[in-house]
Amino acid sequence: MKLILRTARVGLGLMLLFSTLTTLGQTGTAQISKPPVSVGPFTAVDNAGRTTALGSDLVPAYENTNTILFFNPNAPGSGLTLVASTKEDHPTRIGADALAFTSYKWFYMGQNPASPTATALGSIPALGLDQPSNKLQVQGLTEGYHVFKVQGFILPAGADASAICPPDKEETYVVYVLPRLKVDITREAGGTTPLQYCETEAATQTKVQMRVATSFETPGVLPAVASFELKYTWYAVKADAAGNFPTIDATKVNLTGATKVKEVVVPASATDPNIFAPTIADIGKYKFFVEVEHTLKSRTYDGADADAVTNRKRAYTLYRGWYAGTDQASSPVIIVTPAPGKPHITIEAIQD
């Protein structure tokens, strides 16, 4: 029995079976890597028998992308539809000889398992009786791994359902919901001078340095935050001549008033902290913030412009932190001071 992800709809009955998903605990030591993504169907997505059974020309990259989900707090949670093949993947009945399934049984095997195998997980709670539909809609998935299994049944016309052959094979499928990030920015240790530097020092200044600490908003999600590659994008907000700062959209949809000054990707398990030192040479008053996002799945996976001036793509997957403050108002001002030019001398009031 093989699985693939697609958008589809099923009845309310199956949806209700998943009403307890958001309360399930998180255990185990599961790992994730990039590349390749180590979640997906138990049988490799490019397995020849699986591809034949699905009758699909979808490339593995599609599933590698869509087994990773963003957590949408506006929904809330995440969801998808699991779709089982309508025909069996059998070692000898292949091609036109493969039989069609007449019913299915779906299983939820747990969240954040140590291994996605049935043996490692022990007893597996069934989500219901045999279902005629090969599609299972899953909603409200919380952050972390979720493991599902499906079995297909074949009941020939006139056969006794009570003596039906048990499935010889089954398919396990793993999806992962990216955890939300919490971002805190403090001044790098040792910085005791005023929050300012001279314009001529900009390229090499170390008087003002910012250290980022990133953690998960939800404790206990696996794997640990250090296992993920993250992208950090720094922005500066400059005050006008009167000293007033433009208000930056707190929803992160509109970046008007902010200027990108640095972008850095920090690989998984990086030992060096992410430290940012402004190098702006334009004199004036500034505030700084950073936006952090997972690189495991791009916000542009559907081809849309991720950072349009307005209506930024999936802004809820960007996690923002203001330097040394909880928001723009509480973030301190950093001043780039002018290096005065030389004065000229002339004379007046001559007496001789």
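Strands here are DSSP runs of E, at least two residues long and numbered from the N terminus, and two strands pair if DSSP finds at least two bridges between them. This is a predicted model, where local features need pLDDT of at least 70, side-chain atom pairs count only at pLDDT 80 or more, and totals for chains, interfaces and linings use all residues. Residues are numbered from 1 along each chain as its sequence is written, and side-chain values use heavy atoms, leaving out hydrogens and water.

Start by selecting β8, β10 and β13: in the order β8-β10-β13 they make an open, antiparallel sheet of three strands. β8 (181–187) and β13 (274–276) sit at the edges with a single partner strand each, so one side of each has no neighbour in the sheet. Now pick β10 (residues 210–216), which is joined to β13 by three bridges. Show Met 210 and you'll find Phe 276 of β13 opposite.

Next, select β2, β7, β6 and β4. These four strands form an open sheet in the order β2-β7-β6-β4, with mixed pairing. β2 (68–69) and β4 (103–111) are its edge strands. Eight bridges tie β4 to β6 (residues 144–153), and the two run antiparallel. Click on Gln 111: its bridge partner in β6 is His 146.

Last stop: select Phe 70, Phe 71, Leu 178, Pro 179, Glu 293, His 294, Lys 297, Arg 299, Thr 317 and Tyr 319, which line the largest cavity. (A cavity is a set of points on a 1 Å grid over the protein atoms alone where a 1.4 Å probe fits but cannot get out; lining residues have an atom within 4 Å of a point.)

Terms used. 1 Å grid on protein atoms, 1.4 Å probe; cavity = no way out; pocket = protein on both sides within 12 Å on 5 of 7 lines; lining within 4 Å.
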